[in-house]
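Biologist: I would like to go through this model slowly, and to hear the rule behind each word as we meet it. Where shall we begin?

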Amino acid sequence: MRFQDAARDGRAVVYAAIQAEPLVALAASLLVEAGTPERLLARAVMNGERTDPAGWRRMFPALFGDGVPATERDRAEAILAVSLQVADRGEQVRSQVRGAIVEALTERLIARRGPTVAAAVRRERRILFDGVSAEIHPYDVTVEVDGRAEAWDCKWGARGIGPDVLHQLDDARTHAVDEDEPLSVGLVVFDAEVSCRVRLDRQTAPHDGTRIVAIEALHGLAEPAGPAAAR
Amino acid sequence: MASALVRELLDRAILAHRALADLGEEVEDEWTYVNDLHDAWAARLTQLADARGDEPVAAGASDAIDEAIAEIEAIADPHRAIDWLSTFPQVVVLAIGERG
């Protein structure tokens, strides 16, 4: 098993520009420090129709109410501001930016496990196995540590969980087993755990060996042992 | 004036969530997912109404749910509606002081 940079085709070049937007890095850096309510705020606003910040503040009294400490309120205000910037983009770009934010957030959370892991986190990598045709689509985030490698795909919503990504992840895991190389695979989904479970319940693609990390459990990505198995 | 009860807020939220699911159903390929998702969250909100329905609403919760309902009523795109099928009940649950 070995890792390789993804081919720099047209899609990759366009998407790399999205990934490199300062807005993506800013949002990810704020969300890495956030709790679940603030992440829910980001999801709501980035999915939102309306751009009046006062309305969003009223919708989240747990973040903006009178009794909220100033430091927490300031953090929520920063997340609201960056989320409104994302929501202000055209629909297609908004969708790409949201996806890039989940990837950047995943990378940052995993890097918090410590310097060894931080130095081994990569983006947009393919995984090659002897005698197996390489997948076209790269993995969003990989952790390339000998003996405890990981491959993650990232989704903005549970609707992104489908047969293609489940097969790709499970294929990688089983090919790694064939080579006696441990490889953890998983999906990071910036959506509710309930929604992920509902989505998975109708999937026939293999996923028992695939970890699902929903919005409520993102903090687990930063834990030294990685996130607990959701299923 | 007497404070509203949690049950009244949740009843409004459940109705609004159903209307959101009706819009999401327009994406025919996602009909099953939309209804599975609606049913899962409706069960959660109903469970909360049964458990805490007679409690008075905390400050800010009624405005929060009004805003959330206004937001989903502004949605015309069925794909956007599907995005909100989980986000809306999460906002509602948070507004009444639950953790998901």
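Modeller: Let us begin with helix 7 of chain A, where 15 of the 21 residues are buried, so this helix is largely enclosed by the rest of the structure. A residue is called buried if 20 or more other C-beta atoms, placed from the backbone, lie within 10 Å of its own, exposed if 12 or fewer do, and partly exposed in between. Helices (H or I, at least four residues) and strands (E, at least two) are DSSP runs, numbered from the N terminus.

Biologist: How should I read the numbering, and what kind of model is this?

Modeller: Residues are numbered from 1 along each chain as its sequence is written, while chains are lettered from A and ligands numbered from 1 in the order in which they are written. The model is predicted, with local features needing pLDDT of at least 70 and side-chain atom pairs counting only at pLDDT 80 or more, whereas totals for chains, interfaces and linings use all residues.

Biologist: How do you know what span to expect for helix 7 of chain A?

Modeller: The expected span is 1.5 Å times one less than the number of residues. Helix 7 of chain A has 21 residues and reaches 30 Å from its first C-alpha to its last, close to the 30 Å expected.

Biologist: What does helix 7 of chain A pack on, and which strands does it touch?

Modeller: Chain A has an open sheet of six strands in the order 1-2-3-4-5-6, with mixed pairing, where two strands pair if DSSP finds at least two bridges between them. Helix 7 (residues 91-111) packs on this sheet, touching strand 2 (121-128), strand 3 (139-143), strand 4 (149-155) and strand 5 of chain A. Two residues are in contact if their C-beta atoms lie within 7 Å.

Biologist: What makes strand 1 and strand 6 of chain A edge strands?

Modeller: Strand 1 (2-5) and strand 6 (210-213) of chain A each pair on one side only. The partner of strand 6 of chain A is strand 5 (residues 183-189), and the two pair in the parallel sense over four bridges, which passes the limit of two. Although strand 6 of chain A is an edge strand, both of its faces are covered, with A:T210 and A:I212 buried on one side and A:R211 and A:V213 on the other.

Biologist: How do you know that strand 4 of chain A is mostly covered?

Modeller: Seven of its seven residues are buried. A:A149, A:A151, A:D153 and A:K155 point one way, while A:E150, A:W152 and A:C154 point the other way. Strand 4 of chain A pairs with strand 3 of chain A in the antiparallel sense over three bridges, and seven bridges join strand 4 to strand 5 of chain A, which run parallel.

Biologist: What makes A:V141 buried?

Modeller: A:V141 is in strand 3 of chain A, and it is buried because 28 other C-beta atoms lie within 10 Å, against a limit of 20.

Biologist: How many residues of chain A are in contact with chain B, and of which classes are they?

Modeller: There are 26 residues of chain A in contact with 26 residues of chain B. The side of chain A has 11 nonpolar, six polar and nine charged residues, where Ala, Val, Leu, Ile, Met, Phe, Trp, Tyr, Cys and Pro count as nonpolar, Asp, Glu, Lys and Arg as charged, and the others, Gly among them, as polar. Helix 10 (193-201) of chain A is one of the helices that each supply at least two residues to this side. Its buried residues pack against strand 5 and strand 6 of chain A together with helix 2 (31-52) and helix 4 of chain B.

Notes. Axes fitted to C-alpha atoms, helices over the stretch in contact; angles between N-to-C directions.
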